[in-house]
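Visitor: I am new to this structure. Can you show me how to read its features?

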Amino acid sequence: MNLAEILQQRYSKVNITKITNWIGVDSQRFDQLVQLFLQDDYVTAQQASWALSHCIEAYPSLIEPYYVVFINKIEDDNLSDTAKRNIIRMWQFADIPDTFQGAIYDICFRYLSSTEAVAIIAFSITVCHNISLKIPELKTELRLTLEDLLLKHQEGGSPAIKSRAKNILAKMKKK
């Protein structure tokens, strides 16, 4: 399969599913996709980021050798919202190793108080919650931030952010 060629085609769930199925658990094929994501070609990188997030959703262990790559990439000021969204979406499905939890939590926590796109904030809520399950000291800070986020989005705010924040707060209260 020629990944670059498929990624140059129009955005399509069919193509993303085809790529995800072709890659499966093959780390070498996944690396090909990562390398396409890291290229400067805007269209290819956007499509590759979408495919990457679907691969990690299906096969979370594929992300293991790439935490540093994705942390460095998301810190790039020129990174598109699409790529940011898909990196954070990947982290939702991953069992983030202790080594990277602090850096990833900090990145996602910053987005909670930002003017980033709705999906970036919503996915960041989940990533922060997942990490707080492993580091309980973060729960109070996260709960307060989510409550504040809900207040900010009370009137005319994003339904996605409100829903995600409410769901996570409910989970946090149960534990």
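This is a predicted model: local features need pLDDT of at least 70, side-chain atom pairs count only at pLDDT 80 or more; totals for chains, interfaces and linings use all residues.

Visitor: Let us start with helix packing. At what angle do helix H6 and helix H7 pack, and how far apart are their axes?

Guide: Read the angle and the axis distance together. H6 covers residues 81-93 and H7 covers residues 98-112. They pack at about 125°, and their axes are 12 Å apart. Because of that angle, H6 is oblique to H7.

Visitor: Is the crossing of H6 and H7 left-handed or right-handed?

Guide: It is left-handed. From H6, the contact uses Lys 84, Ile 88 and Trp 91. From H7 come Ile 104, Ile 107, Cys 108 and Tyr 111.

Visitor: Now H3 and H4. How close do their axes come, and at what angle do they cross?

Guide: The axes come within 8 Å and cross at roughly 145°. H3 spans residues 27-37, and H4 spans residues 42-58. H3 passes H4 in a left-handed crossing.

Visitor: Which residues make the contact between H3 and H4?

Guide: H3 gives Phe 30, Leu 33, Val 34, Leu 36 and Phe 37. Among those from H4 are Ala 45, Ala 48, Leu 52 and Ile 56. By class, this contact has 11 nonpolar, two polar and no charged residues.

Visitor: What about H9 and H10? At what angle do they pack?

Guide: Apply the reading used above. H9 (residues 139-152) and H10 (residues 159-174) pack at about 145°, with axes 10 Å apart. Their crossing is left-handed.

Visitor: Which classes of residue meet there?

Guide: Nine are nonpolar, none are polar and five are charged. The contact includes Lys 139, Arg 143 and Glu 147 of H9, and Lys 162 and Lys 166 of H10. Leu 146 of H9 and Leu 169 of H10 also take part.

Visitor: Last, the largest pocket. How much space lies in it?

Guide: Take the volume, then the lining. About 180 Å³ lies in the largest pocket. It is lined by 13 residues, and the closest to its centre are Gln 39, Ala 45, Lys 73, Asn 78 and Leu 79.

Visitor: Which helix gives the largest share of that lining?

Guide: Helix H4 does, with three residues. The lining as a whole has five nonpolar, four polar and four charged residues.

Technical notes:
Residues are numbered from 1 along each chain as its sequence is written. Side-chain values use heavy atoms; hydrogens and water are left out. On a 1 Å grid over the protein atoms alone, a cavity is a set of points where a 1.4 Å probe fits but cannot get out, and a pocket is an open set with protein on both sides within 12 Å along at least five of seven lines; lining residues have an atom within 4 Å of a point. Grid points are joined across faces, edges and corners, and a volume is the space filled by probe spheres set on the points. Helices (H or I, at least four residues) and strands (E, at least two) are DSSP runs, numbered from the N terminus. Ala, Val, Leu, Ile, Met, Phe, Trp, Tyr, Cys and Pro count as nonpolar, Asp, Glu, Lys and Arg as charged, and the others, Gly among them, as polar. Axes are lines fitted to C-alpha atoms, for helices over the stretch in contact, and angles run from 0 to 180 degrees between N-to-C directions. Angles under 35 degrees count as roughly parallel, over 145 as roughly antiparallel, 65 to 115 as roughly perpendicular and the rest as oblique. A crossing is left-handed if the near helix is turned anticlockwise from the far one by less than a right angle, and right-handed if clockwise. Contact means heavy atoms within 4.5 Å.
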